[in-house]
Structure formats: structure tokens, C-alpha cells
Amino acid sequence: MLKENGGVSLPRLRLENCHFDRKQNLWHISSEEAHHLVHVRRLYTGSLVEGLLCEDFDGFTKKQGKKILLKLDCQGENVFAREIKQEEETNEFELVLLLALLKSDQWEDALCFAAQTGVSRIVPLIAERSIPKISQEELPKKMARWNKILDEATKQSSAVVPPLLAEPV
């Protein structure tokens, strides 16, 4: 995607949880992303950002997506973005990572590195000597956290398609 800030990459946001108004060609940015853009990144009306949108999902892997150059319009707590340019991206290959569960910090680092290197699917393995023991009650909360880590890592690396995280086997 175009680097509009003198060679520095643009701030990125995931668009899967945002609403697109086709009539106005306008994105209604989710409250979580809007808060991050305005209060953390300190962006304002007229700022350019790069939107990442994963589109094609066949139930096993996420295949393609779009990078969309957006111009922000901040109106109080509501943030809108108008499309300027789009680029389609597809995964030409599928890379599946089978990784035994590690201690918390090491596992989260491994997820980040996997997402940033282009892994398309991650299958956590519960090995005989794995130290982390995750109960069925804890699993949904852990999976939500791990998916959030993968989303953030793909934003950082400008990957359009985040890896699909399978349940531990």
C-alpha cells in the first residue's frame, strides 16, 4: 500500500467489525478501533489510514482480502472513513503451523511471529510434557485473547489475512 507519510507506513485498522455504507462509500468505524485511532494514535479528520479486510473464508483457511486506503472523518465519538483506493491480496500458498502450547508469554510471542511471517493456519498441540493445562471452561476466553493477538500482529505487519487459529488438539 502507498506510504503517504514520507516513507513511514500508515496506521492500520481491521475492518471486519466495521459497517460499510455502499450508498455513501463510507465505513463506520467500530468503537474500539475508533477509540484507538483517535485517543491512542491521535489521528484526526483528514488523516490517512490503511484498512485491512479479510473477505474469502472457506471454513478452513482465510484466502484473500483487501488493503483499503481510507481518509478519516472524526465526529465526536463517531469515526467514519471514506475509501480512496483498494488493492486486492490473495494467499498463493497455505502454511500451517503445528505448535505445542508454551508458557503464556512465549506462546503469545510465537503467535505474533507466526502471524507476521505469513502463516495461514495455527494448530495448537497439547503435548504430553506441555506445561500449560487449559480447561474447557478457560478455552473460549483464551481463544478470544489469542485471536486478538493475531489481529494486532497482522495489523503491525500489514498482512491482510490473519491466521486461522484452530482449537488445541
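1. In strand β8, L125 is the bridge partner of A100. Strands here are DSSP runs of E with at least two residues, helices are runs of H or I with at least four residues, and both are numbered from the N terminus. The model is predicted: local features need pLDDT of at least 70, side-chain atom pairs count only at pLDDT 80 or more, and totals for chains, interfaces and linings use all residues. Residues are numbered from 1 along each chain as its sequence is written, and side-chain values use heavy atoms, with hydrogens and water left out.

2. β7 pairs with β8 (residues 121-125) in the parallel sense, over 5 bridges. Two strands count as paired if DSSP finds at least two bridges between them.

3. The open sheet has 3 strands in the order β7-β8-β9, and the pairing is parallel. At its edges lie β7 (96-100) and β9 (164-165), each pairing on one side only. Helix α2 (residues 104-116) packs on this sheet and touches β7, β8 and β9; contact means heavy atoms within 4.5 Å. The direction of α2 makes about 170 degrees with that of β7. Axes are lines fitted to C-alpha atoms, for helices over the stretch in contact, and angles run from 0 to 180 degrees between N-to-C directions.

4. Opposite V123 in β8 stands L98. The chain passes from β7 through α2 to β8 in a right-handed β-α-β crossover. Right-handed means that, with the strands pointing away from the viewer, the path from the first strand over the helix to the second runs clockwise.

5. The largest pocket holds about 440 Å³ of space. A pocket is an open set of points on a 1 Å grid over the protein atoms alone, where a 1.4 Å probe fits, with protein on both sides within 12 Å along at least five of seven lines; lining residues have an atom within 4 Å of a point. The volume is the space filled by probe spheres set on the points, which are joined across faces, edges and corners.
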